[in-house]
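Reader: I would like to learn how to read a few features of a model. Where should I start?

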Amino acid sequence: ASIDAIFKKLGKLYFGTCADSGSLSQTSNAAVIMADFGQVTPENSGKWDTTEPSQGKFNFGGLDTLVNWAVKNNKLVRGHTTVWHSQLPGWVSAITSKGTLTTVIQTHVSTEIGRYAGKILQWDVVNEVFNEQGGLRTSVFSTVLGEDFVRIAFEAAKKTDPAAKLYINDYNTVELGSTYAKTTGMASYVKKWIAAGIPIDGIGAQAHLMAGQAKNVPAALAVLCAVASQCAITEMDIVNAAPADYVTAVKACIDIPNCVGVTVWGVRDPDSWRASNNPLLFNSAYAAKPAYSALVATL
Ligand code: XIL
């Protein structure tokens with residue numbers, strides 16, 4: 001059985017991967033996704049520099065391709081991502097007025113999420129808003145609006161697609177242990193925001209792991225999953241992973257009842273954004289690596 005089929009049998013929603021029009025047009029790559037994964041996340045096509053490179057000029061060509069492929073092939077989609085300080089066009093970074101930035105966020109979020117309403121399972125509404133100390137990262141969003149930008153983005157998303165599960169996503173949140181400042185900081189901010197009525201449904205842990213960090217995932221993920229109604233591992237890859245590292249990290253989600261799924265950040269090692277570290281589950285010949293078989297045998 002595929003890992004995705006095992007996940008579903010265990011009551012989870014999906015085991016997914018990132019993709020985009022380029023990787024979906026590779027026949028062998030698409031065949032692996034069809035057979036082994038139940039969900040796709042746009043690797044780059046949903047980001048602000050692509051979807052609204054200049055104000056009010058929207059470009060959804062790449063994201064349409066991915067979403068249409070998913071609908072046609074019965075795959076779920078995680079939307080990624082509407083508000084992020086990176087891959088952000090200069091016209092947004094240059095905004096200094098609260099009123100302007102509020103309207104710009106609302107328009108961007110409602111246009112992107114609205115286009116796919118009813119077709120997307122989860123959206124990373126905001127991405128990487130925390131710093132390593134567990135406070136709010138400095139960005140145009142926090143500088144101009146303080147933490148209110150989080151409320152503005154989530155409220156616009158909820159209004160636009162009430163059925164989608166709305167996520168806050170970040171890295172170094174399960175990598176470094178359950179008492180790491182960013183992990184506990186994210187947990188307390190999200191708890192406070194949900195209590196204040198901000199419609200956050202889920203916490204996403206990217207899980208871009210270095211060698212030796214997999215053992216930190218179970219306890220740290222439990223801290224995050226405790227504060228939201230659901231949670232997920234959203235972008236997993238593991239530098240020079242031993243099969244046991246993958247088993248430990250993936251089992252962390254399996255063992256937490258409200259963790260709904262795991263996404264790995266790519267299919268084949270050479271196509272990874274960390275290609276030199278062979279961090280994925282398939283090799284250059286699109287063959288499943290030992291970590292894949294270890295997961296199938298263990299989960
Ligand atoms: C990465 C993509 O994989 C690369 O192709 C791109 O050049 C940079 O972004 N955190 C995220 C993802 O939320 O969107 C990033 O994806 C990896 C880190």
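This is a predicted model: local features need pLDDT of at least 70, side-chain atom pairs count only at pLDDT 80 or more; totals for chains, interfaces and linings use all residues.

Reader: Which strands pair with β2, and in what sense?

Author: To read a strand's place in a sheet, look for its bridges to other strands. Strand β2 covers residues 39-42. With strand β1 (residues 14-19) it pairs in the parallel sense, over 4 bridges. Strand β3 (residues 76-84) also runs parallel to β2, joined by 2 bridges.

Reader: What are the bridge partners of Val40?

Author: Val40 is the partner of Thr17, and in β3 its partner is Val77.

Reader: Are the faces of β2 covered or open?

Author: Take the residues on each side of the strand and ask how each is placed. Gln39 and Thr41 lie on one side of β2, Val40 and Pro42 on the other, and all are buried. Both faces are therefore covered, since a residue counts as buried if 20 or more other C-beta atoms lie within 10 Å of its own.

Reader: How do the axes of α11 and α12 cross?

Author: Check the distance, the angle and the hand. Helix α11 (residues 217-225) and helix α12 (residues 243-254) have axes that come within 9 Å and cross at roughly 30 degrees. Angles under 35 degrees count as roughly parallel, which makes α11 roughly parallel to α12. The crossing of α11 past α12 is right-handed.

Terms used:
Residues are numbered from 1 along each chain as its sequence is written. A residue is buried if 20 or more other C-beta atoms lie within 10 Å of its own, exposed if 12 or fewer, and partly exposed in between; C-beta atoms are placed from the backbone. Two strands pair if DSSP finds at least two bridges between them. Axes are lines fitted to C-alpha atoms, for helices over the stretch in contact, and angles run from 0 to 180 degrees between N-to-C directions. Angles under 35 degrees count as roughly parallel, over 145 as roughly antiparallel, 65 to 115 as roughly perpendicular and the rest as oblique. A crossing is left-handed if the near helix is turned anticlockwise from the far one by less than a right angle, and right-handed if clockwise.
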